[in-house]
Amino acid sequence: MSLLDITDLTVTYSTDSGTVHAVNDVSFSIDEGVNYGLAGESGSGKSTLAEAVLGLLPSNGSVESGSIEFQGRDLTGLSERERRDVLWEDIAYIPQSAMDSLDPVMSTGAQIRQAIQTHRNVTDDKARSRVRELFEIVGLDPDRIDDYPHEFSGGMRQRVTIAMALALEPDLIIADEPTTGLDVIVQDKIIDKILEIQDRMDSSLLLITHEIGVIAETCDELSILYGGKAMEQGSVDNVLVNPTNPYTMGLKNSFPEIEEGDQDPVSIPGSPPNLSEEPSACVFKDRCPFATEECEASHPDLVDLPNRNHRSACHHVTKAAQMRRDATDPETWGIPDSHDESDRGEVLLETDGLEKYYEQSQPLLEQLRGNDPNYVRAVDGVSLRVRRSEILGIAGESGCGKSTLGETIALLKQPTGGEFVFDGEPYEHYADGNMREFRRKVQIIFQDPFDSLNPRQTVRQLVGEPLTIHDYRTDERERAIIETLEKVGLTPARKFLDQYPHQLSGGQRQRVAVAKALVLDPDFLICDEPASMLDVSLKVNLLNLLRELADTEDIGIVYISHDLASLVQVSDRLAIMYLGRVIEEGDVESIAAEPKHPYTTSLLAAAPEKDPTVDRDRVLLDGEPPNPVDLPSGCVFAPRCPKAEDECRESEPGLDTVRSGEHRAACYFPDGETPAADDLADDRSDSQYGDPEFSPPASGDSASD
Amino acid sequence: MSEFQRFLAKRLAISIVLTLVAVSVIFVVLRLLPGSPFESLVTAGNLSQQQITEIRAMYGLDQPMWRQYLSYLQSILLFQFGYSILRSQPVWGVLAPRLVNTLILLVPALVTTAVLSSLLGMYVGWNRGSKLEKLSIIATTFLRSTPVFITGILFVIIFAYNLELVPAFGMRSISASPEGYVETFASLDFLHHYILPFTVSVLYYSGDFLLLARNGVVEKRGSEFLKLHRAKGLSEMQQLARAGRNSMLPILTYFALRLGMIFQGLILLEVVFGWPGIGRELVLAIQQQDYPLVQAAVFIMALAVIVANLVADVLYAYFDPTVSTSGGGAA
């Protein structure tokens, strides 16, 4: 008997503007001990499905029809009370955003204890020792159970929620995007942890994510959802290796991978469907290049493919092999294939030893004694060069100073040291009354397309605002705006002029943000994680747009991200940052192919793989970056480095320590000279014992002397 | 020194400086006012120039300003408030009973309303969109925005004159002459007089707490951690309790600040109900330029606000683990 059986589930939300059909006739079942994946873009109904199973639908959502049977009991018919008993005891939940999911005014241990004591009648002492045990299982220090959530980092908080999910050894764990918003390295560690534990506990897992790579690596079976419909389902090996549904093909092709750096990922144009009516035609037909009249008529039923665990909802399932071939060609999707490398132009921006230090506040007494304050070295001697029509990618974990670097080279923050030259003029020139000129030439695109647009302004006002500020092309304002909108792919531009940000989709909003930056015809663009909030297919759209801009408009671009896979796709050159320093720099191809620095190796290794048949060696880094206030002497990476020797701890290697052509790295024992990955994995276990003292920095300042 | 002790020391130092500033401002402002306490006596022609000089010398008003300021500082910080010019009794003897009268009316009222309105606010915030929510918001907003003397007079008209349930005026019946605090306040007669002004002040303060609590819970209601609490299988009331606990901080701060301001009394309320409180006394003293009395009264009020602020800070640090007690370092 299967553990969870969902049959023809339909969930709707009633809103002011009518009914939204979020999940339509979805059926699947999860057997005991199986990892099941649910994939799809945002708005595909995957989170709604999880909430329906948990009974956590918001008050305007309701299960219209269908059944959710858990161990033979229909969950939809349970009373409030009965449901509460099932929750956590049988079905536990790992929420999406670890940052906000823990009660901020309750210690983490108490929150787990609460979960235990709500369901079991145990004494405080017993519950406490269980919490200690759980902390140990998920790799947290059991002495920290009385710490509050804000004292943990994002990854550690996610471990707390995992510990909580395990507390009662449930039969099913539902994990809703458990790693979204975390760094690749942390993501990799969390996934590894979930798998390890789940193996031990023998429970089933329902994993919801938009990253097919994560599913490919962790799950046995999956369903691909689109517009509230299951498009394709079956075993991971079948579905992801030989997709038979155009949507799965599109999703798979748009997932960027490091190895395919030379090949543009193919995105799915268009945006997810409007769900205000129950689907009558195939939900994907508007974006599907293979759509025919048949697709207009009805949504296809899931068809069992012979002889394997694989079902697909497509009218053309018989032509799957043909479609699969065509789908890798961008032209099929109506995307012009215009990818000719233009020559890189003159050097536009150059920094030499650029520094941005923050003074730490120190007690009055120390100030009076005249002691030097501590500095946080957010950017510590970075030397970069960016040419015209070149994209320089800057990668690193959160907290490595990459965003500060972006803001410093945009001169939104004043550099505290080092040389800065833009367009032949030094920093002093711009600081001395020429800032307006600089602001016109250099534009920055921020992380969040939802917050960086003023919700009370129309697209016309938003894009036109910079023109007014800089008195640029004011006589042909309207034309400038329309031209720019068309350049970023918002066509027909007139349609968008009078719309407000909330009327646009996430991808369109980010395009408006890009248009806002481009309307002044800048020479230089700084993008700070512009795609991290976007779905894969939108992300690919944006990356392709930036690539095209660099090629055709001759502008230099700095692209900052922690997502190495998309950086490899878009950039010409890469700089890897760790704790405010650039530790490796060079052409994308040569870094992706043979990384020199052990840190780069582990970053590359942490990116998930979309092909389930490929076995990836996980290189898990211990700990977290040290506190940038009291840095260890020598190489800053030494405390976490599997290959660190005494030499590394004594003196710091310069960026020129290893050099082959343009490719430079700051390491005494570069990878590539010995077979890298296996060695690293072996060494890792040793290094755990070699460096047991190392502990991650506590949050807050370290000035508690 | 632990982190918390250092934080406390810092806050204490700030409070002391604030107190000094407040005391000095009182001194200067009073001296800037035109006229002097004896003006009316002089214009009435009851005092000769000789007598005026003597009295001024007695109060030290003939000395240079800085000397007056120094001796003023010295005595006020030692809680030596001196002698009221017009009443010819020690200032503390005038102020103490009025202060007690005010506190005994307003502190219980504030505590009652803080507890009841906050709980109600949390409940209606949780059940957003219910009739009870709309009703309670309208009612409390109405009570909050109507000047307290209007509500007071309305209540007096209804309950004292029309229904004749309670007396309209004063703190005790005219014939009663109790001795000591216990006899004054622990009597049925006092309770009888107490109910009406107490109810009005409860209603007057209720709006702020209700809205604060409601908004806090509404804001927290959609948050991820409550969803996790719900997924854990907590009952509706347990979830509400967590939401309430999370939105308690602004309420707590507001309560402490209000508590400090209570020392100023509710002047209009005291006037309407003929309540012999500190607010009324202060107005009288200012009118008559009774320097020592005004200085002492304002000093007590300022001190109360400063102490309440300090208490709010400490409570905040205690109840919110995320408040960095190091005073805004890198976080």
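Q: What should I know about the model before I start?
A: It is a predicted model, in which local features need pLDDT of at least 70 and side-chain atom pairs count only at pLDDT 80 or more, while totals for chains, interfaces and linings use all residues. Residues are numbered from 1 along each chain as its sequence is written, chains are lettered from A and ligands numbered from 1 in the order in which they are written, and side-chain values use heavy atoms, with hydrogens and water left out.

Q: Can we look at one helix? Which residues of helix 16 of chain A are buried?
A: Helix 16 spans residues 459–470, and its buried residues are A:Val459, A:Leu462, A:Val463, A:Gly464, A:Pro466, A:Leu467 and A:His470. Their cover includes helix 15 (435–441), helix 17 (477–487), helix 18 (493–497) and helix 19 (506–518) of chain A. Just after helix 16, A:Asp471 has a positive phi of about 50°.

Q: How do I read salt bridges, and how many does the structure hold?
A: Side chains of opposite charge can pair when their charged atoms come close. The rule here asks for a side-chain nitrogen of Lys or Arg within 4 Å of a carboxyl oxygen of Asp or Glu. Over all chains, the structure holds 45 salt bridges.

Q: Where do A:Glu196 and A:Lys193 sit relative to each other?
A: These two form a salt bridge whose closest N and O atoms are 3.6 Å apart. Both belong to helix 6 (residues 184–201) of chain A, and because they are three residues apart, about one helical turn separates them. A:Glu196 is partly exposed at 36% relative accessible area, whereas A:Lys193 is buried at 15%.

Q: Which parts of chain A does the pair A:Asp380 and A:Arg581 tie together?
A: The side chains of A:Asp380 and A:Arg581 meet at 2.7 Å, N to O. A:Asp380 lies in strand 14 (residues 375–387) and A:Arg581 in strand 22 (residues 581–587), so the bridge ties together parts that are 201 residues apart in sequence. A:Asp380 is buried at 11% relative accessibility, and A:Arg581 is buried at 11%.

Q: What about B:Asp208 and B:Arg144 in chain B?
A: Their salt bridge has its closest N and O atoms 2.4 Å apart. B:Asp208 is in helix 9 (residues 188–221) and B:Arg144 in helix 6 (residues 131–145) of chain B, so this pair links parts that are 64 residues apart in sequence. B:Asp208 counts as buried at 14%, while B:Arg144 is partly exposed at 29%. Back in chain A, salt bridges that share partners join A:Arg473, A:Glu476, A:Arg479, A:Glu483, A:Lys487, A:Asp521 and A:Glu553 into one network.

Q: How do I read the interface, and how many residues does each chain bring to the contact?
A: Chain B gives 25 residues and chain A gives 31. Buried area is the accessible area (1.4 Å probe) that two parts lose on being put together, summed over both. For chain B and chain A this is about 2,500 Å², with 57% of it on carbon and sulfur atoms. B:Lys227, B:Leu228 and B:Lys232 supply 25% of the area that chain B buries against chain A, more than any other three residues.

Q: Which salt bridges cross this interface?
A: The rule finds two across the interface, one of them between A:Asp103 and B:Arg242, with the closest N and O atoms 2.8 Å apart. On the side of chain B that touches chain A, helix 10 (224–231) and helix 11 (236–246) of chain B each supply at least two residues. Helix 10 of chain B provides the largest share, seven residues.

Methods: Contact means heavy atoms within 4.5 Å. Helices (H or I, at least four residues) and strands (E, at least two) are DSSP runs, numbered from the N terminus. Buried means under 20% relative accessible area, exposed over 50%, partly exposed in between (1.4 Å probe, protein chains only).
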